Amino acid sequence: MDHYDSQQTNDYMQPEEDWDRDLLLDPAWEKQQRKTFTAWCNSHLRKAGTQIENIEEDFRDGLKLMLLLEVISGERLAKPERGKMRVHKISNVNKALDFIASKGVKLVSIGAEEIVDGNVKMTLGMIWTIILRFAIQDISVEETSAKEGLLLWCQRKTAPYKNVNIQNFHISWKDGLGFCALIHRHRPELIDYGKLRKDDPLTNLNTAFDVAEKYLDIPKMLDAEDIVGTARPDEKAIMTYVSSFYHAFSGAQKAETAANRICKVLAVNQENEQLMEDYEKLASDLLEWIRRTIPWLENRVPENTMHAMQQKLEDFRDYRRLHKPPKVQEKCQLEINFNTLQTKLRLSNRPAFMPSEGRMVSDINNAWGCLEQVEKGYEEWLLNEIRRLERLDHLAEKFRQKASIHEAWTDGKEAMLRQKDYETATLSEIKALLKKHEAFESDLAAHQDRVEQIAAIAQELNELDYYDSPSVNARCQKICDQWDNLGALTQKRREALERTEKLLETIDQLYLEYAKRAAPFNNWMEGAMEDLQDTFIVHTIEEIQVRQLVPRRDQALTEEHARQQHNERLRKQFGAQANVIGPWIQTKMEEIGRISIEMHGTLEDQLSHLRQYEKSIVNYKPKIDQLEGDHQLIQEALIFDNKHTNYTMEHIRVGWEQLLTTIARTINEVENQILTRDAKGISQEQMNEFRASFNHFDRKKTGMMDTDDFRACLISMGYNMGEAEFARIMSIVDPNRLGVVTFQAFIDFMSRETADTDTADQVMASFKILAGDKNYITMDELRRELPPDQAEYCIARMAPYTGPDSVPGALDYMSFSTALYGESDL
């Protein structure tokens, strides 16, 4: 290649800037240029994941020189030679020089051979030419360009600062105040300019260099000691370093705008993701609570005692009173959060949120329905069990009472029947014993019914699974065995008495004659007959005992009558309140429905009206609590019917929960409508038109259109569509496939083209600015340009960049941007 010395023809290369071979060889200047040009090259080469250490050595093979030009131009050069021979190196350097020449630069005294040979002067000259072309030539300030434009920019920016007078690119910068002023003008928080002193240039220079490197991503290209120790610092080094400030600050506004757009988009995305996480957690927690609660409610293992079952009933009341109400609120809040999230996603041009499998709102409603069904069954089972135990307790008490009476009656009877008093008795005594025995047999026959009743009660207790059936059965068996034994003993005693009577009658005939003659014997017999009167005393005592039981029975009847009167008062008290509260709840439900459908006033008016309703509803809660208290008294009194009202506590509870849920959901719907109206700039007149159209086709007046109603509405507005198009529209207005279209979804569909929302392409373009026009971005760049939480958010979610120009740690902001808008997977 021919070498020649001549002036560059480019306007940005002024005559006074021509290289002076002697000056360039000055060690101080050469040192400054080496450091500055090396740092400048590395500030660009790092984007490609490499750097240089020795400027004249590392460019000799032309590979890093070509890479440098590709980075700073954003263009691809010809494919480099990978060989190690001199000819390969010269070829690569020539490709680089040809590329520079193609950009309108006429190279002066620079040939490929000098670069390959490591000529310091030529290498520095070539780098300066590149700096001029790509870092300084395009600077334009108030109709001046290149060096003059850069100088004017410095003068304009430093004009307000005392002791700063920028007239050139050498001695004007020696005290360091010029660098500090440039930084302070754009980033005043980085330097306390008031504390700087003109007589302390080293501190000033080092402060500027350190701050620029740490906060502005401008590498340290100069040494403070070299500048202070040189009468006239190297102009090219100073100009190169200052140009970095120009590009950093002139691009700062553009980068700030891009960062602001990204921050705004990320903030929306982070908020939406937080809402999604909140929904998923709330849904998961609620479903887990339902999953844990249902088995408890499905447990139908009965308790043995009335006390234990009443404790179960009390636990169930605690569940109803303490544990379930917060879950009702959580379920309501879950639906509100879901609707709000879907509204915000639509307004920010994001795809609809699809919860995890099994956590859809419909899944939660189904699980809740199952819970309430099981809950109702559990309460019915509890009350039936209490009835059963009450019946069992009554039967058991009846069994014990009859058994005790029977056992008291049989006490001593076996011993009596086993007596052999007849062996020494006279005929008259035998006859008396026979009469007494006949009376006992009659009494025994009369007790047969009681024994049968005891056996029947024991059988019923067995059939009703009485917990103490074994002891009942044992006692019953003992009574039955004893009864059989009494029968056998009775028969045996009768036979013995009859044999003895017959024997004594024979003897009596023998002694008859003697008896007629024996007066003393007759007198004795009369005394014996008087003794036989004792038999009737027993019967008299029993009659007295019966008379004593009559007042006790009367007292029990009186107490039962009083209990029934008390129960009737409880029924009337509950019925009177329930007959007021039930219709009140129904009326409030209807009024809320009317407010949400009618178009009286603005959305804010509707919201205010609804909140007043919500306040009045919440203030009504003490009356619900009072009714719960009355219901508890009714259950404790074991009252299972009430002719004074058609409302059960279950009806009131369900109605109250629906009322709270409805008012909260309706308020949320109006809030979302306000969000949509404000985001899309819908006027109140347009909102009224939308409401009128919606109400007209909401034929069932439920506040929602079914698919047929919505299809008719679209047709009336001129939509001509087939099934596929209608299905597409339904996927927009009913993303969760519930089969209905809410007013919120309707107005969003009607105004879907009016919103000014960010797009994936805009976000991609903003990331490209922050990445310095690269197709990838690095973690350092994200952390430098974005707030810490948003930078880490991006780093955690961006996939590695795999393009041909990739470097270690490169991140793919393009796929990340499309994923933000649902156009790809994040």
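Ala, Val, Leu, Ile, Met, Phe, Trp, Tyr, Cys and Pro count as nonpolar here, Asp, Glu, Lys and Arg as charged, and the others, Gly among them, as polar. With that scheme, the lining of the second largest cavity has 1 nonpolar, 1 polar and 5 charged residues. What you're looking at is a predicted model, where local features need pLDDT of at least 70, side-chain atom pairs count only at pLDDT 80 or more, and totals for chains, interfaces and linings use all residues. Residues are numbered from 1 along each chain as its sequence is written, and side-chain values use heavy atoms, with hydrogens and water left out.

**Confidence**
- The protein's mean pLDDT (the predictor's confidence in each residue, from 0 to 100) is 82, and 89% of its residues reach 70 or more.

**Coiled-coil regions**
- An unreviewed UniProt entry puts "coiled-coil region" at residues 265-292 and 430-464; such annotations may be inferred rather than shown by experiment.
- Residues 265-292 are 100% helix and 0% strand, with end C-alpha atoms 40 Å apart. (Helices, H or I of at least four residues, and strands, E of at least two, are DSSP runs numbered from the N terminus.)
- Residues 430-464 are 94% helix and 0% strand, and their end C-alpha atoms lie 50 Å apart.

- On a 1 Å grid over the protein atoms alone, a cavity is a set of points where a 1.4 Å probe fits but cannot get out, and a pocket is an open set with protein on both sides within 12 Å along at least five of seven lines; lining residues have an atom within 4 Å of a point.
- There are 2 cavities of 30 Å³ or more.
- The second largest cavity holds about 40 Å³, and its lining includes Asp61, Glu81 and Arg82.
- The second largest pocket has about 990 Å³ of space, the volume being what's filled by probe spheres set on grid points joined across faces, edges and corners.
- Of its 41 lining residues, Asn339, Arg665, Glu669, Met704 and Thr742 lie nearest the centre of the second largest pocket.
- Helix 24 gives the largest share of that pocket's lining, 7 residues.
- By class, the pocket lining splits into 15 nonpolar, 17 polar and 9 charged.
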